[in-house]
Amino acid sequence: MPQPVEPPSVPPASSKNWPKLVAAAVVVAAGILVARQLGAFELLSLENVDRLDAWFRGFGIWAPVIFVAVWIVACLFFLPGLPITIVGALIFGPIQGSIYSSIGATLGATAAFLMGRYAARGIVEGLLAKNEKLRLIDEGVRTQGWRMLMITRLVPLFPFNAQNYVYGLTQISLGTYVLVSFLCMLPACIAFNFAAGAVRAGQFGKFFLYLAVAALVFVVLSLIPGWIKKRYGGAAGLSDDSSKTGAAR
């Protein structure tokens with residue numbers, strides 16, 4: 001019979017952490033202010049896809065850079081990523097949209113990872129101490145290593161934005177985090193981009209081609225949770241209850 005795992009102890013933040021916490025708060029406040037001034041909060045919803053489309057197109061050749069920057073802001077400030085992914089497909093097409101979304105999501109996840117590990121460590125430790133589900137990530141990394149990251153990227157067990165910060169407190173290295181995150185987030189990026197790209201394919205043949213690619217990737221993604229649960233479920237804390245509590249990206 002497996003022994004119950006005690007939650008990791010979270011030491012209180014020392015006085016040396018306060019300058020970092022203040023700096024992190026300033027960065028967050030500045031980012032929120034900039035995002036509000038640019039209208040990002042009002043735009044980032046599925047109901048405003050057309051407005052998002054026009055907003056990005058207004059930047060011309062700088063649109064890809066702005067698109068990636070918006071992804072980073074979204075990951076840092078817990079904004080939804082699905083509308084950004086859809087707009088990327090509508091503006092750049094499914095192939096370039098997949099590339100830019102993958103780069104943006106990876107850089108955004110990495111920025112949150114570094115924020116959790118260094119700048120806002122005390123805040124994330126407090127969040128980890130209060131949330132039993134998030135503590136499974138720390139335990140999973142200690143027992144499964146990079147496989148835990150693979151599991152949480154491929155299966156929506158935990159809120160995407162929150163887990164980025166929490167991984168900063170684990171033992172996983174930055175290089176492993178970036179590589180596994182990119183590879184495991186890429187299939188979903190491709191699926192959503194090709195599904196959205198089919199809407200503006202224009203040609204009848206391209207419409208069905210894009211839709212077929214999206215459907216194929218979605219089918220593969222739907223099979224992954226069962227395979228992961230069968231192989232890693234016990235060690236990674238995968239259960240019917242935990243899978244139901246996951247939030248979509």
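Reader: How many of the residues in α8 is that, and what kind of model are we in?
Author: 7 of its 9 residues are buried, so α8 is mostly covered. This is a predicted model, where local features need pLDDT of at least 70, side-chain atom pairs count only at pLDDT 80 or more, and totals for chains, interfaces and linings use all residues. Residues are numbered from 1 along each chain as its sequence is written, and side-chain values use heavy atoms, with hydrogens and water left out.

Reader: How many helices and strands does the chain have?
Author: 12 helices and 0 strands. Both are DSSP runs numbered from the N terminus: helices are H or I with at least four residues, strands are E with at least two.

Reader: And what share of the chain is buried?
Author: 45% of the 249 residues. The chain exposes about 13,000 Å², and carbon and sulfur atoms supply 68% of that. Those areas come from the Shrake-Rupley method with a 1.4 Å probe, and for residues only the protein chains shown count as cover.

Reader: OK, the core. Which residues touch the most other members of the largest one?
Author: Phe56, Phe67, Ile137, Tyr167, Ile172 and Tyr177, out of 50 residues in that nonpolar core. Such a core is a set of buried Ala, Val, Leu, Ile, Met, Phe, Trp, Tyr and Cys residues joined through side-chain atoms within 4.5 Å.

Reader: Which element gives the most to this core?
Author: α5, with 10 residues. Elements that give two or more include α3 (49-57), α7 (132-144), α9 (160-167) and our α8 (146-154).

Reader: What is Tyr167 in contact with?
Author: Leaving aside neighbours within four places in sequence, Tyr167 is in contact with Phe113, Arg117, Ile137, Val141, Met148, Leu149, Thr152, Ile172 and Tyr177. Contact means heavy atoms within 4.5 Å.

Reader: Switching to rings. How many aromatic pairs does a search of the whole structure find?
Author: 7. Rings of Phe, Tyr and Trp (its six-membered ring) pair if their centres lie within 6.5 Å; planes under 30 degrees apart are stacked, over 60 edge-to-face, and the rest tilted. One of the pairs is Phe67 with Phe92, edge-to-face at 5.5 Å centre to centre and 70° between the planes.

Reader: Where do Phe67 and Phe92 lie?
Author: Phe67 lies in helix α4 and Phe92 in helix α5 (residues 82-119), so the pair ties together parts 25 residues apart in sequence.

Reader: What about Phe192 and Phe218?
Author: Their ring centres are 5.2 Å apart and the planes sit at 80°, so that pair is edge-to-face. Phe192 counts as partly exposed because its relative accessibility is 35%, and Phe218 does too, at 32%.

Reader: Last one: which residues form the nonpolar patch on the surface?
Author: Phe59, Ile61, Trp62 and Val65, with about 460 Å² of accessible area together. Patch members have over 30% relative accessible area and no salt bridge, with like charges joined within 9 Å and nonpolar side chains (Val, Leu, Ile, Met, Phe, Trp, Tyr) within 5 Å. A salt bridge is a side-chain nitrogen of Lys or Arg within 4 Å of a carboxyl oxygen of Asp or Glu. Val65 is placed in helix α4 (residues 63-76).

Technical notes
Buried means under 20% relative accessible area, exposed over 50%, partly exposed in between (1.4 Å probe, protein chains only).
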